[in-house]
Amino acid sequence: MYNVTLIPGDGTGPEIVEATRKCVDATGVKIKWDVQECGIEVIEKEGRVPPRVLESIKSNGIALKGPITTPIGKGFRSVNVYLRQELNLYACVRPCKSYKGVRSYFENTSVDLVLVRENTEDLYAGVEFQAGLDKTAQLIKTINDYATGKKIITRADTTGVSIKPISVEGTRRIVDYAFDYAVKNGRKTVTSVCKANIMKFTDGLWYDESRRVALAYGAKFEWPDLAEGLQPDADLVGRVKEGGSDLAYNERLIDNMCMQLVQKPELYDVIVTQNLYGDILSDLCAGLVGGLGVAPGANIGTEAAIFEATHGSAPKYKGQNRVNPTALILSGKLMLEYLGETAAAEKLEQAVADVIAEGKDVTYDMKPDRNDPTAVGTQQMAEAICRKMR
Ligand code: NAD
């Protein structure tokens with residue numbers, strides 16, 4: 001019996017969470033669901049994320065979460081960002097896989113890749129300075145005083161600044177996670193992505209450290225000269241999982257990666273990248289395989305892991321039993337894998353794939369005509385998936 005925190009969220013969240021719970025339970029894995037309400041209504045009433053929610057996730061170490069609305073420009077900060085920071089969820093994992101029957105421009109291509117995004121550093125660390133403030137102008141002056149190369153050439157009183165921290169430790173942790181994931185999941189290649197030709201001290205550091213991690217795993221470099229003069233990461237040597245030497249290590253610059261992904265996505269396997277590039281690539285990859293309705297996700301950290309769909313709360317469909325539960329159900333499959341329940345995870349994924357391929361018991365967005373009256377509701381699609389498993 002596993003204890004799992006279940007956060008219904010708000011908008012259409014409670015409907016897809018209910019559907020997912022049914023499907024995960026139908027795999028036969030015994031889970032005691034610890035339901036924690038944490039939607040917009042609860043937060044507005046209590047003025048913050050209730051501490052009991054965080055305590056529950058910390059104590060169970062694992063949560064399945066519905067989407068939560070973030071009001072734009074007012075009210076509380078994003079609950080998702082808050083949870084990510086409080087629980088140090090440093091890895092965002094987004095598998096993108098083609099399923100027969102899901103419509104996309106790439107439906108005749110077999111895409112099966114996993115994007116591993118660093119979640120805590122980079123331009124998204126939130127270290128920002130607003131244009132027009134005295135302290136921003138002072139910062140710009142200080143930067144220019146220290147700069148040995150290029151300087152900020154725009155006016156100090158009309159320029160905003162965002163800082164991009166990238167550390168060796170943060171890079172090691174995420175690239176190690178990507179390699180470890182690849183070994184455990186029988187993947188073949190890890191591709192590290194950034195823009196080191198332009199940002200030498202941040203993205204350059206990222207590549208150096210990626211290569212050291214790749215060396216520690218004994219991976220085969222696509223371009224062996226990239227490893228010249230580098231030693232394997234000393235922190236990882238001797239700790240890496242067996243199987244690393246069967247992996248290939250590649251590098252792509254982010255702009256080239258975008259083009260490659262829309263030209264030959266089937267060539268890519270595990271992709272590891274920084275926060276900003278990862279944010280953009282994860283939407284691009286979701287688009288390759290049919291969009292938000294089928295894009296699952298996991299946020300993994302040192303203290304806990306949260307499994308949730310990529311999409312938001314789609315509030316305009318709230319309470320209508322209309323939206324597609326697939327993305328959260330596939331997030332449930334990731335959760336089962338994380339728990340080590342591989343057979344149950346495979347059974348659930350196969351049932352989802354079969355229901356989608358048949359194209360009968362699917363929600364409106366999966367029908368060729370979105371107004372198709374034969375489209376079923378959220379719960380009915382989940383029930384069809386449960387029937388397949390039985
Ligand atoms: P959204 O993903 O909620 O919806 C965008 C559109 O995508 C919807 O109008 C709908 O047409 C479609 N869509 C989304 N999910 C679908 C599904 N399961 N089935 C069928 N169609 C679906 O994006 P948004 O409107 O930008 O965001 C709504 C709210 O959700 C915002 O407050 C945002 O901050 C929040 N959000 C939360 C999370 C999260 O909790 N992890 C993630 C993203 C957005």
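Glu 337 is partly exposed, at 26% relative accessibility (buried means under 20% relative accessible area, exposed over 50%, and partly exposed in between, with a 1.4 Å probe and protein chains only). Its salt-bridge partner is Lys 333, with the closest N and O atoms 3.1 Å apart (a salt bridge is a side-chain nitrogen of Lys or Arg within 4 Å of a carboxyl oxygen of Asp or Glu). Lys 333 is buried, with a relative accessible area of 12%. Both residues lie in helix α10 (residues 326-338), four residues apart, about one turn of the helix. Helices (H or I, at least four residues) and strands (E, at least two) are DSSP runs, numbered from the N terminus.

The model is predicted: local features need pLDDT of at least 70, side-chain atom pairs count only at pLDDT 80 or more, and totals for chains, interfaces and linings use all residues. Residues are numbered from 1 along each chain as its sequence is written, and side-chain values use heavy atoms, with hydrogens and water left out.

Side chains of opposite charge can pair when their charged atoms come close. The salt-bridge count comes to 26. One of these pairs joins Glu 383 to Lys 22, with 3.4 Å between the closest N and O atoms. Glu 383 belongs to helix α12 (residues 378-389) and Lys 22 to helix α1 (residues 13-26), so the pair ties together parts that are 361 residues apart in sequence. Both side chains are partly exposed: the relative accessible area is 32% for Glu 383 and 26% for Lys 22.

A salt bridge also links Asp 203 and Lys 164, at 2.8 Å from N to O. Asp 203 lies in helix α7 (residues 203-216), while Lys 164 sits in the loop between β7 (161-162) and α6 (168-184); the pair therefore ties together parts that are 39 residues apart in sequence. Asp 203 is buried, at 0% relative accessibility. Lys 164 is buried as well, at 14%. Elsewhere, a network of salt bridges links Arg 172, Glu 209, Arg 212, Asp 233 and Asp 235.

Helix α3 (residues 51-60) has Val 53, Leu 54, Ser 56, Ile 57 and Asn 60 buried. Seen down the axis of α3, its buried residues fall within an arc of 160°, so they line one face of the helix. The arc is that of the directions from the helix axis to the C-beta atoms. Glu 55 and Ser 59 are exposed, on the face turned away from the buried side. Elements covering the buried residues of α3 include β1 (2-7), β2 (31-35), β3 (62-65), α4 (79-86) and β13 (305-309), where contact means heavy atoms within 4.5 Å. Gly 61 follows α3, with a positive phi near 75°.
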